[in-house]
Structure formats: structure tokens, C-alpha cells
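Here is a briefing on the structure shown below. It goes topic by topic, for reading beside the model.

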Amino acid sequence: MMNYIWAFMMLTGILFSIANGTISSFTDSLMKSCDDAISFIMALAGIMAVWSGIMKIAEVSGLISKIADAVSPVMKMLFPKVENEQISAMMIMSFMANIFGAGNSATVFSLKAMELMDEENKRSPIASDTMCMFVALTMSMIQLVPITIIKIRNDLGSSSPEDIIFPSILAGIISMIASVTVCKYYERKSSYV
């Protein structure tokens, strides 16, 4: 579906620029956008590589296991049906990457956790309560230091790119509370059916 939407937008832009006699402006803008996209991706690649390396060191050194033990009461409350330690470890690494503002790096761990949960859910077309809670928390996770957003604000010339930290924490807390509340409500509701 997205391919059709993008094709429609592209064709509309081309036809509109031809009708207005601004095809050269259109092609110039298109090429500049391509250059900007590559520059943006390359700038974020460094942050993602560093964070992925730190998380790998934490995993191999056993730090993730120690953190998993420390947060196990909270994890048990949020994910009571998770028994697999590998799923818990992937969830925790995803949450840690999100908390420290490297959401792009968290994607790798989130996808692996979802893959493992999907296997435990017997590849059902209906997501389990655990999968729903994980997605909700991942999408609303608090960020103590939103590194990516600070970098973008800095690159765009913000005089104080770190001003986003407090609003980001506040928004994260509110969205996490709302996500957990809604998920737990529907978990209870489905258990009575």
C-alpha cells in the first residue's frame, strides 16, 4: 500500500511541476532531498554503531544479566508470562537503548524480542498480551537523554539543543503510564471473556 502512496505522491509532484513549468526546480529539490537524506543517515550511523557496541559489551560482560536480575520484579509485573531468559534479555536491552536515547539502536533488540515472542506465540496472527505490552512500552519509553533528537537539534543550529531533555522525560513518563494502564485494562478484560 505504501508503494502506491509514494508512487502517487511522486507522480502528482512531477505532473504539478510540469503543469507549472517548474520541472527543473522539482528535480533540483529531489536531488537535494536525496543528498540531505544520505547525510542524515550517515550522521546517525555513528551514534547507532557506538550504542550497539556498548550494548554488545554489556551483554557479553554479564551486565545485562545483572540488570535483568535487578529489574526482574518490574518485568514480572509487566510481563508475567515471559519465562524465556533470552526474550527478557532482548527486552531489557531494547528498553535500555530507548531509555538512554538511542531508539534507532533499540530497534534491533526489539525486533529480535518480537521474533522470539512470535515463536512462543506459535506464529499466531493474533498478538499475545506480552507482545502488545512490549510494543506499547517500546513506543512510549521514557528517554533520559534523547541523544538522537539532541543531535538533530544541534545539526539544525539550535542554540540549546539539550532543552528537550526535561519535556522528553515528562512526556515519556506520561505516555508510559498511559500505555501500561491501557494494556493492563485490556489484558484483564480479555481474561474474563
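**Briefing: helix packing, core and loop**

Thr130 counts as buried because its relative accessibility is 11%, under the 20% cut-off. The model is predicted. Thr130 lies in helix α7.

- Thr130 is in contact with Phe79, Lys81, Val82, Met91 and Met117, leaving aside its neighbours within four places in sequence.
- Met133 also lies in helix α7.
- Met133 has 0% relative accessibility, so this residue counts as buried.
- Leaving aside neighbours within four places in sequence, Met133 is in contact with Leu78, Phe79, Val180, Cys183, Lys184 and Glu187.
- Met133 and Val180 are 47 residues apart in sequence. Their C-alpha atoms are 7.0 Å apart in space.

**The largest nonpolar core**

- The largest nonpolar core has 31 residues.
- Met55, Phe79, Met91, Phe95, Met117, Phe134 and Leu137 touch the most other members.
- Two or more residues of this core come from each of α2, α3 (63–70), α4 (72–78), α5 (85–99), α6 (103–120), α7 (129–140) and α9 (165–192).
- Helix α5 gives the largest share, eight residues.
- Which residues does Phe95 contact, leaving aside its neighbours within four places in sequence? They are Met75, Phe79, Phe134, Leu137, Thr138 and Met141.

**Helix α2 against α5**

- Two packed helices are described by the angle between their axes and the distance between the axes.
- The axes of α2 and α5 cross at roughly 140° and come within 11 Å.
- This angle makes α2 oblique to α5.
- The crossing of α2 past α5 is right-handed.
- On the α2 side, the contact residues are Trp51, Met55 and Glu59. On the α5 side, they are Met90, Met93, Met96 and Ala97.
- By class, this contact of α2 with α5 has six nonpolar residues, no polar residues and one charged residue.

**Helix α2 against α8**

- Helix α2 spans residues 23–61, and helix α8 spans residues 147–155.
- They pack at an angle of about 140°, with axes 11 Å apart.
- That makes α2 oblique to α8.
- The α2 and α8 crossing is right-handed.
- Helix α2 brings Phe40, Ala43, Leu44 and Ile47 to this contact. Helix α8 brings Ile147, Thr148, Lys151, Ile152 and Asp155.
- The residues of the α2 contact with α8 divide into six nonpolar, one polar and two charged.

- Most residues other than glycine have a negative phi.
- What is the phi of Lys122, which is not a glycine? The value is positive, about 55°.
- Lys122 sits in the loop between α6 and α7.
- Lys122 is exposed, because its relative accessible area is 71%, over the 50% cut-off.
- Arg123 has a positive phi of about 50°, although this residue is not a glycine.
- The loop between α6 and α7 holds Arg123.
- Arg123 has a relative accessible area of 51%, so this residue is exposed.

Notes
Residues numbered from 1 in each chain as written. Predicted model: local features only at pLDDT ≥ 70, side-chain atom pairs only at ≥ 80, totals over all residues. Heavy atoms only, no water. Axes fitted to C-alpha atoms, helices over the stretch in contact; angles between N-to-C directions. Helix = DSSP H or I, 4+ residues; strand = E, 2+ residues; numbered from the N terminus. Parallel < 35°, antiparallel > 145°, perpendicular 65-115°, else oblique. Left-handed = near helix turned anticlockwise from the far one by under 90°. Contact = heavy atoms within 4.5 Å. Nonpolar A, V, L, I, M, F, W, Y, C, P; charged D, E, K, R; others polar. Core = buried A, V, L, I, M, F, W, Y, C linked by side-chain atoms within 4.5 Å. Buried < 20%, exposed > 50% of the residue type's maximum accessible area, 1.4 Å probe, protein only.
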